[in-house]
Amino acid sequence: MTEIKELYDKKVDCPVCNRQFTTKKVRMSRLRLIKRDEDFLNHYNGENPIKYNVFVCPNCGYASREKKFDTLRKEHIGIIKENISSKWTKRDFGGPRDLDKAIEANKLALLTGMLLEYSKLELGNTCLNIGWLYRLKEEKDEEQRFLSLARDRFIEAYNTESLTDTNMDESKLSYLIGELSRRINDKEKALTWFNTCLNLPSTKINPLLDNMAREQWRKAKEMEK
Ligand SMILES: [Zn+2]
């Protein structure tokens with residue numbers, strides 16, 4: 001395989017089996033942004049970092065998004081060993097990943113997240129990541145299925161979880177719920193959530209997001225019922 005110059009190796013210690021493994025990461029400085037979709041998927045002229053944001057331990061099968069990888073509690077380790085490691089067929093995710101391999105890694109992370117009852121926001125982010133990978137793979141049905149799963153998790157997060165110390169706030173999340181609804185042809189919820197977004201004080205002081213919400217509301221309005 002030809003070397004992909006924007007990838008580098010990172011050594012990771014697995015908190016479940018305590019062994020070390022190597023995974024690829026993307027040097028952002030080597031990438032140029034080509035475009036950004038309205039649901040925040042970035043397209044680059046090179047390897048997309050969303051293919052590498054899940055670490056998978058090749059020895060025990062523990063998989064998680066990078067930010068969550070080290071946050072395991074003691075009782076979680078037993079749950080992973082019992083439900084994942086005991087059935088794990090050793091395989092390596094440490095090389096360059098094609099889209100199928102990236103999707104598999106993200107689905108393993110989703111399984112971990114469901115077993116360990118991660119927040120709805122976190123589960124939604126993983127589902128969204130899988131939906132995006134299917135978009136890059138141009139598999140429309142699977143993309144829609146995972147955007148829908150992400151949308152539903154995000155609605156639960158919006159209604160029941162604190163967004164403090166996350167990469168989300170109410171404005172951005174309500175906008176995203178609206179946009180995902182629009183993309184899965186749920187016109188009614190798209191309009192409802194764009195309106196929710198536009199009525200928030202925190203949106204009014206964010207002109208960029210305010211404009212995006214207005215524009216996407218207009219597109220949703222024009223959708224066939
Ligand atoms: Zn491990």
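A residue counts as buried when its relative accessible area is under 20%. By that criterion, five of the seven residues of β2 are buried, and the strand is mostly covered. The model is predicted.

**Strand pair**
- Strand β1 (residues 7-13) runs antiparallel to β2, and seven bridges join the two.
- D13 has Q20 in β2 as its bridge partner.
- The two strands, β1 and β2, form a hairpin with six residues between them, and N18 in the turn has a positive phi of about 65°.

**Zinc site**
- The zinc ion has as protein donors the SG atoms of C14, C17, C57 and C60, which lie 2.3 Å from it.
- The arrangement is tetrahedral because the four donor atoms subtend angles of 104 to 118° around the zinc ion.
- Along the sequence, the donor residues follow the spacing C-x2-C-x39-C-x2-C.
- Distant parts of the chain are linked by the pair C14, in the loop between β1 and β2, and C57, in the loop between β5 (54-56) and β6 (63-65), 43 residues apart.
- C14 and C57 are both buried.

**Largest pocket**
- The volume of the largest pocket is about 1000 Å³.
- It is lined by 32 residues, of which N53, R65, K67, N129 and N167 are the closest to its centre.
- Elements that give two or more residues to this lining are β2 (20-26), β4 (42-44), α3 (120-136) and α5 (170-183).
- The largest share of the lining, six residues, comes from α3.
- By class, the lining of the largest pocket comprises 13 nonpolar, nine polar and ten charged residues.

Definitions and conventions
Residues numbered from 1 in each chain as written. Predicted model: local features only at pLDDT ≥ 70, side-chain atom pairs only at ≥ 80, totals over all residues. Heavy atoms only, no water. 1 Å grid on protein atoms, 1.4 Å probe; cavity = no way out; pocket = protein on both sides within 12 Å on 5 of 7 lines; lining within 4 Å. Points joined across faces, edges and corners; volume = space filled by probe spheres on them. Helix = DSSP H or I, 4+ residues; strand = E, 2+ residues; numbered from the N terminus. Nonpolar A, V, L, I, M, F, W, Y, C, P; charged D, E, K, R; others polar. Buried < 20%, exposed > 50% of the residue type's maximum accessible area, 1.4 Å probe, protein only. Pairing = 2+ DSSP bridges. Donors = N, O, S within 2.8 Å, 3.2 Å for Na, K, Ca; no water. Tetrahedral: all angles 85-135°; square planar, octahedral: opposite > 155°, others 65-115°.
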